[in-house]
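Let us take a friendly walk through this structure and look at the open spaces in it. Have the sequence and the 3D view ready as you read.

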Amino acid sequence: MPPWAGPTRWGICSAGKISHDFIIALKTLSAQEHTVVAIASRELAHAQEYARKNGIPRAYGSYKELARDPDIDVVYVGVINPQHLPVGRLFLRAGKPVLLEKPLGMNAAEVRELVQEARASNVFLMEAFWTRFFPVSGRIRTLLAQGALGQVKMVRAAVAIHMSNVPRLVEKDLGGGALLDLGCYCVQFACMVFGGEKPQSILASGFLHETGVDETTSIILNYSRKRQAVLTCSFMVNLPNQAAIAGTQGIIEIPDYMSKPTDMLFNGERWECPLPPPSQPLNFERDTGLRYEAQHVRECLLQGLKESPVMSLADSELVASILDEVRKQLGVKYTQDQSS
């Protein structure tokens, strides 16, 4: 057990849109179990504004100051993709447990470096694939473990949201691309369904944006015993963002919002788990669902775990390796790939 017995004391790294929503999501949980004690931004004024609006005691103008704060039990890192490795490494080396937004790194090499850093420092690290912690995802894992679908043969998933006007999606220097922002949800879903098994083959086809990032991609993952996942992502159009798992004895369907699901159908029978309403407006729909990963992190820390049994570091490495191969086939290369 950790030395603290009260609420999990969160530090928030970055004062961006997702960090705002994470703070609001924490407020849907018990104040006796979760509290935000500090927030850091590269611009002190931004951190101070967030602190003032949300009753956060301390605001810092640098991430290093946050890393030195002795009263923090875990840091939520919501910086842009290219900063995940250096910022994640900063907190791990400072001995701070880290919940790091997806993707854990720009490529598999960066993910491996963070995993090695976490293990060398003996510090908790988890990729913030919030989808894994929604009750719907837990229900799916239970049904699969029970063999309720018979032999799973087919997985289908699509996430497409029209965001071609958003700089962080289209600019390569900001870690843009539909795969790292949206397609990763589909890949992690397939990895979850097939129990972390490595696909036997990966086939990818798609189109690149004028900036050189991927804008629309379809992926076929072929697994042993004639099992397959067909995945699609795009930032050029809107899709219903559905998913399905088909087995010899049944089918699970997620009718919409597969990356943040609140309902599902098992052989036509609906199962729902609504989200609590936010106390303040959110930047992104359904973001109070971030509460589930936050609660899971608390439970891991209380048990003294160094990684999550639900979103393991091996899972993060597998997702990153699949994304690397897909980008290779599409011809998308980031500056960070040159050293890998």
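This is a predicted model: local features need pLDDT of at least 70, side-chain atom pairs count only at pLDDT 80 or more; totals for chains, interfaces and linings use all residues.

Start with the largest pocket, which holds about 1300 Å³ of space. Its lining is made up of 45 residues. To find the centre in your viewer, pick out Lys-17, Ile-18, Arg-168, Asp-181 and Phe-284, the lining residues that lie nearest to it. Helices H1 (17–26), H7 (167–170) and H8 (178–193) are the elements that give two or more residues to this lining. Among the contributors, H8 has the largest share, with four residues.

Which domains does the lining of the largest pocket draw on? At least three residues come from domain 1 (8–130), and at least three come from domain 2 (135–272 + 310–337).

Now move on to the second largest pocket, with a volume of about 260 Å³. Here 15 residues form the lining, and Gly-150, Gln-151, Val-152, Val-193 and Arg-227 are those nearest the centre. Helix H6 (135–145), strand E7 (152–160) and helix H8 each provide at least two lining residues. Which element gives the most to this lining? That is H6, with three residues. Sorted by class, the lining of the second largest pocket has eight nonpolar, three polar and four charged residues.

Note on methods
Residues are numbered from 1 along each chain as its sequence is written. Side-chain values use heavy atoms; hydrogens and water are left out. On a 1 Å grid over the protein atoms alone, a cavity is a set of points where a 1.4 Å probe fits but cannot get out, and a pocket is an open set with protein on both sides within 12 Å along at least five of seven lines; lining residues have an atom within 4 Å of a point. Grid points are joined across faces, edges and corners, and a volume is the space filled by probe spheres set on the points. Domain bounds come from an automatic or database domain assignment. Ala, Val, Leu, Ile, Met, Phe, Trp, Tyr, Cys and Pro count as nonpolar, Asp, Glu, Lys and Arg as charged, and the others, Gly among them, as polar.
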